[in-house]
Amino acid sequence: MDIIITKSKMNSVVTKWLDKYYGDLFNYAAPGSIKYIHFIDKNNNTIFDYNRSVSTVEFRDDVIQELVSIFNLNVKNINEILIPWLKKNYNLHVEKVNVTTWYCNDCGRYHITRHHTED
């Protein structure tokens, strides 16, 4: 059964989930690095990288996979939610969240999951 949810409610739910799991990251810039800031969790795992020169962010693939599998988001939704969240939580000016896509042998298109999806 499909549940219909408004866009603003979806944004709110996803934002609360992001706050819970990724709202307390630390930033780290390697000595001499002028391009990237890494955002790491308490276990020193990089969750996302911010490219200062082009104002883009790239999250770890498993974070994006969680967003897709839990909330059924697409690339556009991910950008619409993550860009304001990154501004609010980490004061980052982000133009785009880069999302890895995989080629699907079943349909000949690219998906944001490693497996075929109907989108």
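Valine 99 counts as buried because its relative accessibility is 17%, and buried here means under 20% relative accessible area with a 1.4 Å probe, protein chains only. This is a predicted model, where local features need pLDDT of at least 70, side-chain atom pairs count only at pLDDT 80 or more, and totals for chains, interfaces and linings use all residues. Residues are numbered from 1 along each chain as its sequence is written, and side-chain values use heavy atoms, with hydrogens and water left out.

**Around valine 99**
- You'll find valine 99 in the loop between β5 (96-98) and β6 (102-103); strands are DSSP runs (E, at least two residues) and helices are too (H or I, at least four), numbered from the N terminus.
- Skipping neighbours within four places in sequence, valine 99 is in contact with Ile64, Val75, Ile78 and Ile112, where contact means heavy atoms within 4.5 Å.
- Isoleucine 112 sits 13 residues from valine 99 in sequence, with 7.1 Å between their C-alphas.

**The cavity**
- The structure holds one cavity of 30 Å³ or more; a cavity is a set of points on a 1 Å grid over the protein atoms alone where a 1.4 Å probe fits but cannot get out, and lining residues have an atom within 4 Å of a point.
- The largest cavity has a volume of about 40 Å³, counted as the space filled by probe spheres set on the points.
- Val99 is one of its lining residues, which also include Ile64 and Trp102.
- α2 gives the most to this lining, with three residues.

**The whole chain**
- The chain has three helices and seven strands.
- Of its 119 residues, 34% count as buried.

Terms used: Buried means under 20% relative accessible area, exposed over 50%, partly exposed in between (1.4 Å probe, protein chains only). On a 1 Å grid over the protein atoms alone, a cavity is a set of points where a 1.4 Å probe fits but cannot get out, and a pocket is an open set with protein on both sides within 12 Å along at least five of seven lines; lining residues have an atom within 4 Å of a point.
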